[in-house]
Amino acid sequence: MLLTISTNRFPATDLGYMLHKHPAKWQSVSVKNGDAHIFYTEATDTCCTCALLLDIDPVALVRGDAGAAAPDAFALEQYVNDRPYVSASLMSTAIAKAFSSALNGKCKDKPELVNEPLPLTITLAVVPVKGGKELLENLFVPLGYQVEATQHMLDEQFPVWGQSRYFTVTLTHAAVTLQTMLAHLYVLIPVMDNDKHYWVNSEEVQKLLDKGTGWLEQHPMKQLIVRRYLKHQTALMSNALDQLLQEEQAATAAETEGVVPEEVPKVRLHDVRLQTVCDRLLALGVGTVLDMGCGEGKLLKLLMKHAQFTRIAGADVSVRSLQIAADKLKTDRMPERQRNRLTLLQSSVTYRDRRLDGFEAVVLVEVIEHLEESRLDTLQKNIFGSMAPARVLITTPNKEWNRRFTEDDTVMRHSDHRFEWTRAQFAAWCAGICETYGYTCSVEPLGQEEAQYGAPTQLAVFTQQPQN
Amino acid sequence: MKIQIPELSLVILAGASGSGKSSFARQWFSPTEIVSSDACRGIVSNNENSMDASADAFDLLYFIVGKRLKRGLLTVVDATNIRPEDRKRLVQLAREYYVMPVALVLNMPVQVCMERNRQRADRNLPPHVILNHCTQLKRGLGRLRLEGFKKVLEWKTPEQVDALTGVERVPLWNNRTADSGPFDIIGDIHGCYEELCQLLESLGHTVDKAACRVVVQQGRRLLFLGDLVDRGPDSPSVLRMVMQAVQEGMALCVPGNHDMKLLKWLQGKNVQLQHGLEVTAAQLEGITPEWKTRLMSFLDGLISHYVLDHGKLVVAHAGLKENMQGRGAGAVREFCLYGETTGETDEFGLPVRYNWAAEYRGKAMVVYGHTPVPECEWLNNTIDIDTGCVFGGKLTALRYPEKELVSVPALQTYVQPKRPFLYPAALEGSLQQQQDALPDLETLTGKQLIQTRLMQNITVREGNSAAALEVMSRFAVDPRWLIYLPPTMSPAETSPLPDYLEHPEEAWRYFSEQGVQKVICQEKHMGSRAVVIVCRSNEVVKKRFGITTPGIGICYTRTGRKFFNDDVTEQAFLLRIQQVLTNRGFWEEFSTDWVCMDAELMPWNAKAQVLLQQQYAATGAAARNGLAQAVAALQQATAVPGIPGLLSAYTERHAMAEKFTAAYGRYCREVKTLDDYQLAPFHLLATAGNTWFNQTHEWHMNTIARYCGGENNPMIATSWILADLADENSRNAATAWWMGLTAAGGEGMVVKPEQYVTQGAKGLVQPALKIRGTEYLRIIYGPEYTHAAHLSRLKKRGLQAKRSLALREFALGVEALESFVAGQPLRHVHAAVFGVLALESEAVDPRL
């Protein structure tokens, strides 16, 4: 909520001209949901410090449209909020508003000062930083700053809770123009926080390019800065990255003839999994398939390409995922014959759902580990006892493979995994199903196998035994 | 002249254009009962005469007829229906819904039809068409009964039509809904006369065995489920006794397949003397002709099934599906006698019975026999009470409405059954529990209307039930544990007092306006709401809840999630509670082996640690440090005009940030061992066979207090006082009590009407209102909410949505628990609990 800018360049009070703010006065500009006050805590020839202090109305912040657009507008967290107290994206907009002339390189009374590098010291209180002191240094040291940062504890009463993500940051630069320094802050304040109070649109790309001119192109953390500044909007990101790369490529092409080898895109494990499942279904001669826990419909998309699958259904417990699946599969623009092959519906593996009966194969790709182990009985009863399709394909992580990246036995690959099984555990579970529900089953590795740990994923293919 | 038609029938009017069908329909039936092909033509094509729309119009007509018949409504089809093929589809529909098709034929002279047709302004059919109509109609008239019509009435002249003075609707024989019993319903007897006499006596009736006469206890009635005869030692005496009781009005009887076969044999039809009929035939050797006649007329007069007690009870020999109850088609009678088979045969060569009861979802209790079972078990509100007496089992009666089973053992095994029916009871719990292990989605998704005893028709919107399905599937505990979810609680109206958002005065006012004079004020603990179920042993968990995993109970949050992340801690915690309950005689006091309590679990951070650190502590840290540095900066600038004013504002803000940190800190405590958890129960919700909603809150508090405190006991008592709202001193004392609680850092209090469930003039009264303390509210409304400028805006808050939600959730929670203790199928319990979760996804200001 507080930014101070100090210089000891003689006469230090020139800072007032450069910032277009009189050192003896208190001035305010209005920003979204409040004001920003500008005043000087010190104004002598040897040292001059200007303060920019945010005065955000916490009630208006919540009631304003900034909050209304949020999907969790009815979460209590929204009302207890650090935003009025931090130097984050609101501070960036306050800088742009309070010091717009300086940021744009204008100084009415002493224009010669604009391009003069100055010794500057900046303090920011308090900055939410995602990435800690290391990030602060990675962001500012390449730009020539000396970084001092004090991290605040979450609550002194409860030392075990540890540190908060809030820092009081002091940045010192021996010689930087005021305009450049303000541009650095303007871009990097929201980057430190990794959040913004407003919706990011394509104008932001232009702002980033404007304010980043002359320093962002060379910054070693360029990728992260762009990603965070654009709030992880991939479409915008590539747009911005492309534009940045254009400039960079133009610059580097002139310098060197070196060719950067194109990185071969790594085939993702999940894609391998889905392709394997699809291939198996094709080979098994299955005509109708139900994908339980279809998520965003990646497997459905693969299946739709094969005319062998005359009826395909995707069921998921998440309505949101199903909407994304419908969007990705473009169900609204599908030709009627194609659309009639596909059904998307909300359902759950722990509830009997008669709409899901009658498929030749039921597929559960990375689903069971999202259930509590104690609920698997219900899942078995549902899939193998009630739906009882001719084939069931189930994939789940192989816990042993985790040893490749961790020694910790409790670590799981996804925060929502309730369990991960070794090969022996999975095989035992499958055998139990076969005995109870009259299936046979083969369990096989899926993905790159390691001699000691096996493959990352395991696939079980169940086949219903003919009765009697 | 009057005519009679069954009260539930599909009436098909047949006649040429101009024969007067529409006028006839309007005269004798209400407009909503008439489905006219002309009207359907108009709906689908804007033109009632548009013949090219006929196919679509009839599709619509059949659709409407189908819907009406499904709902059990008499329906009249106003169309020419002159050709057999026109009528065929309608007869099919009547069969599909087990409704009687009735044909009313207006076979008017051609001249009459032509004359009327000429006079019509809107339609003028050529004369040859009318002639054609009349000819076609006449051609098919003789075969109407063969087409399937149970009743055919014909009028040949306008004069005959005019002579009609009434259409009387005759109730079906099976309709005895006004008859409420109480009944003693007796299963398959199969000639076991001795056992029948013993059973009747043990039911309290007086039996004259030699005279085959029973005098039924005053006020009660007998209800025989058929299969009186065959296989057993004395079918004639059983018949005599039952006939006598039925004729004297002391009993009702529905037929069994064996009884009907006996009738056929008596009628001299060709039946094979096997499956026990040969035994009965031998026993009936030499009966008098008049007794034979009486017997035949008795058997012939038996009605396939009865719908009794305002539709709450249905009895039939082999049971009856919901869509057949109260209907009168041949297929219904077949089902009543034989049930339904899958078409397969089992290893004993007997037909595999289709288990209709597993899919039964009807409201009526169905009591039936036909299939011998070792023990009677409830399944979806149905029960088979044929316990195979003749096969050496027992003869069983069900008392209705008490639902009490009374049996006498067979004196001997009279016949060896083809299929052993005394197989050992299933290991996996009861039939109902086996079915409950996999609840059906059908009654949960989409828009739902849930009936509760406290509130009519609670609507759950589709989007909300979808959200509930996701939460339930991903996070909630096994539905068999989820017998209750607590309702949300509304605060009192916003206080008009300057420094308060909430104040007791508004609670006093609300309850006074609702006509509640006495309230209880309970300290509101600041922890997390928890529902705790503790059983006396792991076997009880299996028996009562059908859950086979180890453990003695569960502790879950108000959204149905497990409270403890690891089972070991959870079970150790529950074990402590169990030991206290055992040591202090809880199980004996309540004659129970399990208990469900509504409670607050402390400390707050035990469950809310992530929220606390990421949101509360973080906001506090940002506010305190940010504001402290702002104050420091302003202090250096006090010479600048205006800055001192700003300084004092920021100093005040900083102080509020410190208060905020102190406010949440009060409810946090490091949790290292089990000793650090505290449970404050405030409702004793349910024990075996009972809910305790009928007790006052004072009773709950006093009862619970006896099990609170002491060594190794996580349960702590909650402080409370009573307030008489008519007495100013009492009110003031309660207000002062609240002031004291909140001044000491307490969250506040909950005010409840004296009675757990209170109906006021405008319906259900809020079961509780919370009055939260000023400092506590800082956690909810933000560090600086007490600033006058903020508070005045925050006071503009609407409570209507929250209040309505609280009542609906309360009604659903009560419904769930009442259903559970009444032993109803899980789907009733789960639908209500699911409803609470769905309603919780409604958008309501979370600060309330």
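Q: Leaving aside its neighbours within four places in sequence, which residues is B:Val751 in contact with?

A: Happy to start there, and please keep in mind that this is a predicted model. Beyond its sequence neighbours, B:Val751 touches B:Ala507, B:Phe511, B:Val519 and B:Cys521, and also B:Ala768, B:Leu769 and B:Ile771.

Q: Which residues have the most contacts inside the largest nonpolar core?

A: The general idea comes first. In soluble globular proteins, nonpolar side chains tend to be buried together. Here the largest nonpolar core has 207 residues, and B:Val751 is one of those with the most contacts inside it. Another core lies apart from it and has 106 residues, including B:Leu8, B:Tyr193, B:Ala251 and B:Ala410.

Q: Why is chain B said to be more spread out than a compact globule?

A: The radius of gyration of chain B is 36 Å, whereas the globule rule gives 29 Å for 848 residues; the value is well over the rule, so the chain is more spread out than a compact globule. Along the principal axes, its C-alpha atoms fill a box of roughly 115 × 80 × 55 Å. Even so, buried residues make up 47% of the 848.

Q: How is chain B divided into domains?

A: There are six entries to look for: domain 1 (2–170), domain 2 (175–425), domain 3 (446–488 + 799–848), domain 4 (494–519 + 718–798), domain 5 (526–603 + 672–716) and domain 6 (607–665). Between the C-alpha centres of domain 1 and domain 6 of chain B the distance is 83 Å. For secondary structure, chain B has 28 helices and 36 strands.

Q: Let's turn to chain A. What is the order of the strands in its open sheet of seven strands?

A: Strands of a sheet pair through backbone hydrogen bonds, either parallel or antiparallel. In chain A the pairing is antiparallel and the order is S2-S3-S4-S1-S5-S7-S6. Strands S2 (27–31) and S6 (146–153) are the edges, each pairing on one side only. From one strand to the next, the twist averages 15 degrees.

Q: How many bridges join strand S1 to strand S5 of chain A?

A: Six bridges join S1 (residues 2–7) to S5 (residues 118–128), and the two strands run antiparallel. To find one on screen, pick A:Leu3, whose bridge partner in S5 of chain A is A:Leu124.

Q: Which strands does helix H6 of chain A lie across?

A: Helix H6 (residues 132–140) lies across S6 and S7 (163–176) of chain A, running at about 155 degrees to S6.

Note on methods:
Residues are numbered from 1 along each chain as its sequence is written. Chains are lettered from A and ligands numbered from 1 in the order in which they are written. This is a predicted model: local features need pLDDT of at least 70, side-chain atom pairs count only at pLDDT 80 or more; totals for chains, interfaces and linings use all residues. Two strands pair if DSSP finds at least two bridges between them. Helices (H or I, at least four residues) and strands (E, at least two) are DSSP runs, numbered from the N terminus. Axes are lines fitted to C-alpha atoms, for helices over the stretch in contact, and angles run from 0 to 180 degrees between N-to-C directions. Two residues are in contact if their C-beta atoms, placed from the backbone, lie within 7 Å. The radius of gyration is taken over C-alpha atoms; the globule rule is 2.2 Å times the number of residues to the power 0.38. A residue is buried if 20 or more other C-beta atoms lie within 10 Å of its own, exposed if 12 or fewer, and partly exposed in between; C-beta atoms are placed from the backbone. A nonpolar core is a set of buried Ala, Val, Leu, Ile, Met, Phe, Trp, Tyr and Cys residues joined through C-beta atoms within 7 Å. Domain bounds come from an automatic or database domain assignment.
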